[in-house]
Amino acid sequence: MLIILGMAVVTYLPRFLPMYVLTRLEIPQIVIDWLRYIPVAVLAALIVPGILTADRQIHLTTNNAYLLASIPAFLVAWRSKNMMYTVTIGMAVVLLLQHL
């Protein structure tokens with residue numbers, strides 16, 4: 001029981017303490033504006049390696065279906081700002097390119 005309690009404390013404290021401290025501080029607007037870019041940066045860091053690499057090598061050719069599909073997917077995301085449209089277009093283009 002002591003181990004379970006210790007694990008609960010170790011899990012809960014790192015989540016609670018920053019939230020508790022930050023709710024008591026006035027955060028400058030420039031920091032809030034900067035924090036809004038974090039989700040986009042994390043998403044890019046997750047997606048770009050999958051688009052640009054194949055077999056642990058950079059694959060920047062016209063044979064890379066993921067790279068080619070990322071172009072219309074990016075345009076759809078930019079214009080519509082709709083995740084469902086973006087994913088659907090990206091998957092459809094990859095499917096078409098892999099079967100051509």
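By about how many helical turns are tyrosine 12 and phenylalanine 16 separated in helix α1?

**View 1. Tyrosine 12 and phenylalanine 16 in helix α1.** The two residues lie four apart in this helix (residues 2-23), and are therefore separated by about one helical turn. Helices (H or I, at least four residues) and strands (E, at least two) are DSSP runs, numbered from the N terminus. The model is predicted: local features need pLDDT of at least 70 and side-chain atom pairs count only at pLDDT 80 or more, while totals for chains, interfaces and linings use all residues. Residues are numbered from 1 along each chain as its sequence is written, and side-chain values use heavy atoms, with hydrogens and water left out.

**View 2. Aromatic pairs.** Rings of Phe, Tyr and Trp (its six-membered ring) pair if their centres lie within 6.5 Å; planes under 30 degrees apart count as stacked, over 60 as edge-to-face and the rest as tilted. The count by this rule is two aromatic pairs. The ring centres of tyrosine 12 and phenylalanine 16 are 5.5 Å apart and their planes are at 10°, so this pair is stacked. One aromatic cluster is formed by Tyr12, Phe16 and Tyr20.

**View 3. Accessibility of tyrosine 12 and phenylalanine 16.** Tyrosine 12 counts as exposed at 52% relative accessibility, whereas phenylalanine 16, at 27% relative accessible area, is partly exposed. Buried means under 20% relative accessible area, exposed over 50%, and partly exposed in between (1.4 Å probe, protein chains only). Of the 100 residues in the protein, 9% are buried.
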